[in-house]
Amino acid sequence: MGDTFYIRPMQPADLDFAAACAAAEGWPSETRAVFEAFLEYDPQGCLAAQAAGQPIGIGIATCYGSEGFVGELIVVPEWRGRGVGQSLLSHALDYLQARGARTVWLDGMVKAVALYERNGFRKVCRSLRFTGRLEGRAHGDIRPLQAADLPAVTELDRRAFHADRRFFIERQAALNPDLCKVAERDGRILGFVLGQRGQGVVTAGPWVALPELKHPERLLESLALAAQAECLRIGVLETNPWAAWLVRSLGLSEVPDPPWRMALGDVTRLGISTMALAIGSPAKG
């Protein structure tokens, strides 16, 4: 096997390969539907490495104006250590910076931190992972998200995340309507959680709540009820210790040696907020 490869835009024909790469890494939330969303959102930000007519790696660059995320950076095992990951990362950074991103974020698995640090990324905090089964409960102030709620939900998310994730929120709500919940009081949306089915798990996130919502955990309990005893998976930034404490208090188990949230450029507020209780995904914040 030679070392000749090149980077090209991902195509619809690569979606099964991308999902298989994520499954092989033990990332059950990153399904084919997730990659379909990235490809629809920004085809030029979806990258594939190819050698001898076959894909050998993937990477996703998601732009939010002056900031962006790199995620889903995976190289098949037989091609690791041969510069493919570096090339995918370089192409992703070039693309985001050409789009105007001055700060780029990622969740770096521990084994890949050295690669990211060589490219100028700095550790900001741990991106904690929790998993387990939660007893589902119905609550009077929690109800399913409806289409009419989307403007309020996307605005609340923008306030918490500090960027516009409307495309991903609307798509997630359309694909998983039974797993998307809002907390409402007197006709006002005070919080929400979006669930997404993966391979044997339901991922909860984004999970966002205004400070005046006294029991945001009820959103998770309502989601758990709809998930029908499936295992939940939640990502929480270490910069929100109250959110981490809340998830631990619900009995979910912390995954050891979690990724690092890392930044290239100025460390801003993107995704870092007391209102943002759980991340949307490692690849898009």
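Contact here means heavy atoms within 4.5 Å. This is a predicted model, in which local features need pLDDT of at least 70 and side-chain atom pairs count only at pLDDT 80 or more, while totals for chains, interfaces and linings use all residues. Residues are numbered from 1 along each chain as its sequence is written, and side-chain values use heavy atoms, with hydrogens and water left out.

V70 is placed in strand β4 (residues 67–75); strands (E, at least two residues) and helices (H or I, at least four) are DSSP runs numbered from the N terminus. With a relative accessible area of 3%, V70 is buried. Buried means under 20% relative accessible area, exposed over 50%, and partly exposed in between (1.4 Å probe, protein chains only). Apart from neighbours within four places in sequence, V70 is in contact with I60, L89, A92, L93, L96, V104, W105, L106, P282 and A283. One of these, A92, is 22 residues from V70 in sequence and 6.8 Å away in space, C-alpha to C-alpha.

L252 sits in the loop between α8 (241–249) and β12 (253–254). Its relative accessibility is 6%, so L252 counts as buried. Neighbours within four places in sequence aside, the contacts of L252 are F130, T131, G132, R133, I234 and V247.

**Helices α1 and α2**

Two packed helices are described by the angle between their axes and the distance between the axes. The axes of α1 (residues 15–24) and α2 (residues 32–41) come within 8 Å and cross at roughly 125 degrees. This makes α1 oblique to α2. Axes are lines fitted to C-alpha atoms, for helices over the stretch in contact, and angles run from 0 to 180 degrees between N-to-C directions. Angles under 35 degrees count as roughly parallel, over 145 as roughly antiparallel, 65 to 115 as roughly perpendicular and the rest as oblique. On the α1 side, L15, D16, A18, A19 and A22 meet R32, F35, E36 and L39 of α2. The residues of this contact divide into six nonpolar, no polar and three charged. Here Ala, Val, Leu, Ile, Met, Phe, Trp, Tyr, Cys and Pro count as nonpolar, Asp, Glu, Lys and Arg as charged, and the others, Gly among them, as polar.

**Aromatic pairs**

The structure holds seven aromatic pairs, two of which are tabulated. Rings of Phe, Tyr and Trp (its six-membered ring) pair if their centres lie within 6.5 Å; planes under 30 degrees apart count as stacked, over 60 as edge-to-face and the rest as tilted.

| Pair | Type | Centre to centre | Angle between planes |
|---|---|---|---|
| Y41 and F167 | tilted | 5.2 Å | 40 degrees |
| Y116 and F121 | edge-to-face | 6.0 Å | 70 degrees |

Y41 lies in α2 and F167 in α6 (residues 166–175), so their pair ties together parts that are 126 residues apart in sequence. Y41 is partly exposed at 28% relative accessibility, and F167 is partly exposed at 24%. F38, Y41, F167 and F168 form one aromatic cluster. Y116 and F121 are both buried.

**Helix α7**

Nine of the 11 residues of α7 (residues 217–227) are buried, so this helix is largely enclosed by the rest of the structure. The buried residues are E217, L219, L220, E221, S222, L223, A224, A226 and A227. What covers them includes β7 (142–144), β8 (180–185), β9 (188–197), β10 (201–209), β11 (231–237) and α8. Just after α7, Q228 takes a positive phi of about 55 degrees.
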